[in-house]
Amino acid sequence: MRPSRRSLGISAGNSDAWHIYMRAQELIAGGAPVAMLTIGDHDWVTDSAILAAMHESATGGNTGYAAMSGSPALRAAIAARAEAETGIATAPDQVQVTSGGQGALFAAFTCCLDPGDRAAIIAPYYATYPDTVRAASGVLSVLDTRSEDGFEPTRAPLDEACTGARALLVNSPHNPTGAVYSDATLAAIAETAQAHDLWVISDEVYASQVFEGRHVSLRSLPGMAERTLVVGSLSKSHAMTGFRIGWLIGPPEIMGAVADLGMATTYGVPGFIQDAALFALSQGDQIAAATAAVYARRRLLALKILSGANGLRILPPKGAMYVFLDIRATGMSGKTFANRLLDEDLIAVMPGESFGGAAAGHVRVALTLEDDRLGDALSRLAGFAARNARDTTSGEA
């Protein structure tokens, strides 16, 4: 007896992407004072009013099976929000409530791809993207971007990566680099998608966290609404990571299939969590703006401490809740840097290799500690890099 080939191929040898995070968790469980800067999980509790709404819903009896595509009220609220942000008419039946943004990603790929279809993804990429494509029986086509281009893709490489593909995954604001795609980049993506007749899966979970430029949903560009699936979530905007509440928005032609998949997988998101999400959205931009303000402040703190540090090159993030550091001046890979930093200074960061070959020689730092502890950890990280920086005149560390 053996597992299916599809299940065995999901990680494709990348099962160590979360190795540093798991090591850090073990150290914390043993009492070590690790500065955890790995994953994008907020360092504060979800807003008390959201928790109260969830409590009231659960104690009021909303603990049975929930509407599998999402409650009518929540789908209507998400649709109204999307229409207001994009100017594109959006009906509630174009919304599927999912188990987090990850559930929406899996649903999108499963409903866009037949077994063996190619899906293009842009590297650096969020660590689960390749696994999600393979779990949906797709084949990867990876487009590497460069820090010199701000990690934004350009038209000719997009054409090459998308030739013969069925779908293209786009993420802006971007995890891990913090890029916010320019209008020119978005136009190139739209032109490529239409030229190759692609489904575009647009991961927009960081849409509320933009510090330079502006967020534009690909769905709002001419000719894109009928081929774009938008992934959304309250995890990052409303500090609701553990609630596992997200959504997928798409054209009517595909949303029936998405609903069928939901019935065959999660069978709906708990009703009391949906009610908490509905309350969160009913508060307008207040909670999301407060969350974004925290990361805007911490971004400035990181730039102040890390800019010009010996052994580091910081790529100022335009959005999201991370800083992406080029550590190649230390002569170490991202994996080696992250492992040694954890061993020697008890600071946990994600190695760039977790996000694809284009991110090798980098590390991602989540701004997920309160300011004083974050500042201390970043100063110690800068000191670690400086101690290990190569002497460019002698070629030695």
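**Backbone, helices and salt bridges**

Analyst: Happy to. Phe-151 sits in the loop between β4 (139-144) and α7 (155-162). Keep in mind that this is a predicted model.

User: What about Tyr-267, what is its phi?

Analyst: Tyr-267 has a positive phi of about 60° and is not a glycine either. This residue lies in the loop between α9 (252-264) and α10, and at 38% relative accessibility Tyr-267 counts as partly exposed.

User: Switching topic: which residues does the cis peptide bond with omega near -5° join?

Analyst: That one runs from Ser-172 to Pro-173. Pro-173 is in the loop between β5 (165-171) and α8 (183-195). A cis bond also joins Ala-123 and Pro-124, with omega about 0°, and Pro-124 belongs to the loop between β3 (118-123) and α6 (129-135).

User: Now helices. At what angle do α4 and α10 pack?

Analyst: About 35°, with the axes of α4 (residues 72-86) and α10 (residues 271-282) 9 Å apart. Their crossing is left-handed. On the α4 side the contact uses Ala-73, Leu-74, Ala-77, Ile-78 and Arg-81, and α10 brings Gln-274, Ala-277, Leu-278 and Leu-281.

User: How do those contact residues of α4 with α10 divide by type?

Analyst: Seven are nonpolar, one is polar and one is charged.

User: Okay, charges. How many salt bridges are there?

Analyst: The structure holds 17. One of them pairs Glu-212 with Arg-299, whose closest N and O atoms are 2.7 Å apart. That pair links distant parts of the chain, 87 residues apart: Glu-212 is in the loop between β6 (199-203) and β7 (228-233), and Arg-299 is in helix α11 (residues 286-306).

User: How accessible is Glu-212, and how accessible is Arg-299?

Analyst: Glu-212 is partly exposed at 36% relative accessibility, while Arg-299 is buried at 8%.

User: Which strands hold Asp-326 and Arg-313?

Analyst: Asp-326 is in strand β10 (residues 322-326) and Arg-313 in strand β9 (residues 313-315). They form a salt bridge with closest N and O atoms 3.4 Å apart. Asp-326 is buried at 8%, and Arg-313 is partly exposed at 38%.

User: Which residues are linked in a network of salt bridges?

Analyst: Asp-43, Arg-297, Arg-298 and Asp-371 are linked that way.

Key: Residues numbered from 1 in each chain as written. Predicted model: local features only at pLDDT ≥ 70, side-chain atom pairs only at ≥ 80, totals over all residues. Heavy atoms only, no water. Axes fitted to C-alpha atoms, helices over the stretch in contact; angles between N-to-C directions. Helix = DSSP H or I, 4+ residues; strand = E, 2+ residues; numbered from the N terminus. Left-handed = near helix turned anticlockwise from the far one by under 90°. Contact = heavy atoms within 4.5 Å. Nonpolar A, V, L, I, M, F, W, Y, C, P; charged D, E, K, R; others polar. Buried < 20%, exposed > 50% of the residue type's maximum accessible area, 1.4 Å probe, protein only. Salt bridge = Lys/Arg side-chain N within 4 Å of Asp/Glu carboxyl O.
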